[in-house]
Amino acid sequence: MDQSTQLLLILVVLLVLFLLAVIVFVLFSVFMKRKNSLLREQIETEKRYERAIAETQIEIREETLRNISWELHDNIGQLLTLAKIKAQNVEGGQEMLEVAETIGTGLNELRALSKSINPEAINGQSLIYSLEQEVSRFNRLKFLSADYELLGDAVAIDSKVEIVLFRIVQEFMTNTMKHSKASKLEVKVQFKADALEITALDDGVGFDSEKLLEKGIGLSNIEKRAELIGADAKISSIPGIGTQLKLIYLLE
């Protein structure tokens, strides 16, 4: 092989190496750009998730405070008014006992309310306990008759997931109370082998499920909230029969 051929071969090899280096550099640059883009998307997704959780916590507190205001007006107010009337008509020992009993009931209600209004207590409650309390609160308000049922062995769930699950059910229950004209509400929580299934059902006036987005009563937010935590939420309704929420969250 003569010298010119060797020189040409070396140049070809160098050119190939240079092209390979350029290709590697370009691929690496594209990879890093894509990686950084994914990291930014992940950070933004986490921020949106945290904001959504925070907003949900605020909504739960606001709804709880609204319920408490109703209780103060409708329940405790009536108890104390009754105690006042009885006190004004006291003539014997039996009347005094009834007054004391009525006032005692009112004080117990106030203690329960003071505990539920505490933000730390609201945040620290489990999903099961929160749902039990919400059903009990609805029964105390006497807007309708609410039943609660727990099936299966409860398992631990991420607290942020529990917040969203509770808000979904709370929102459904609130809409039942405000718009359905229902007399009964049933809430069933079932822990299965691979999933948590929550069903809420009322016997209200119902509506056309295909026109859910036109209802303007907050139910359209439920599916969006469920997507936030990877759950599946379906609302079905039959006019004149009632409305049902089926909420499924897969367990790890």
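Modeller: Gladly. Start with a facing pair: V189 stands opposite I198 in β3. Strands (E, at least two residues) and helices (H or I, at least four) are DSSP runs, numbered from the N terminus. This is a predicted model, in which local features need pLDDT of at least 70 and side-chain atom pairs count only at pLDDT 80 or more, while totals for chains, interfaces and linings use all residues. Residues are numbered from 1 along each chain as its sequence is written, and side-chain values use heavy atoms, with hydrogens and water left out.

Biologist: How many bridges join β2 to β3, and in which sense do the strands run?

Modeller: Two strands pair if DSSP finds at least two bridges between them. Here β2 and β3 run antiparallel and are joined by seven bridges, with a hairpin of three residues leading from one to the other. On β1 (residues 145–151), L150 has V189 as its bridge partner in β2, and β1 and β2 pair in the parallel sense over seven bridges.

Biologist: Why does E197 count as buried?

Modeller: E197 counts as buried because its relative accessibility is 12%. This residue lies in β3 (residues 195–202). A polar contact is a pair of N or O atoms within 3.5 Å; within protein, one must be able to donate a hydrogen and the other to accept it, and residues adjacent in sequence count only if both atoms are side-chain atoms. The side chains of E197 and K246 make one of 3.3 Å.

Biologist: And what should I look for in a core?

Modeller: In soluble globular proteins, nonpolar side chains tend to be buried together. A nonpolar core is a set of buried Ala, Val, Leu, Ile, Met, Phe, Trp, Tyr and Cys residues joined through side-chain atoms within 4.5 Å. The largest one here has 41 residues, of which L165, L185, L196, L245 and L247 touch the most other members. Helix α5 gives the most to this core, with ten residues.

Biologist: What is L247 in contact with?

Modeller: Contact means heavy atoms within 4.5 Å. Leaving aside neighbours within four places in sequence, the partners of L247 include L165, L196, E197 and I198.

How values were computed
Buried means under 20% relative accessible area, exposed over 50%, partly exposed in between (1.4 Å probe, protein chains only).
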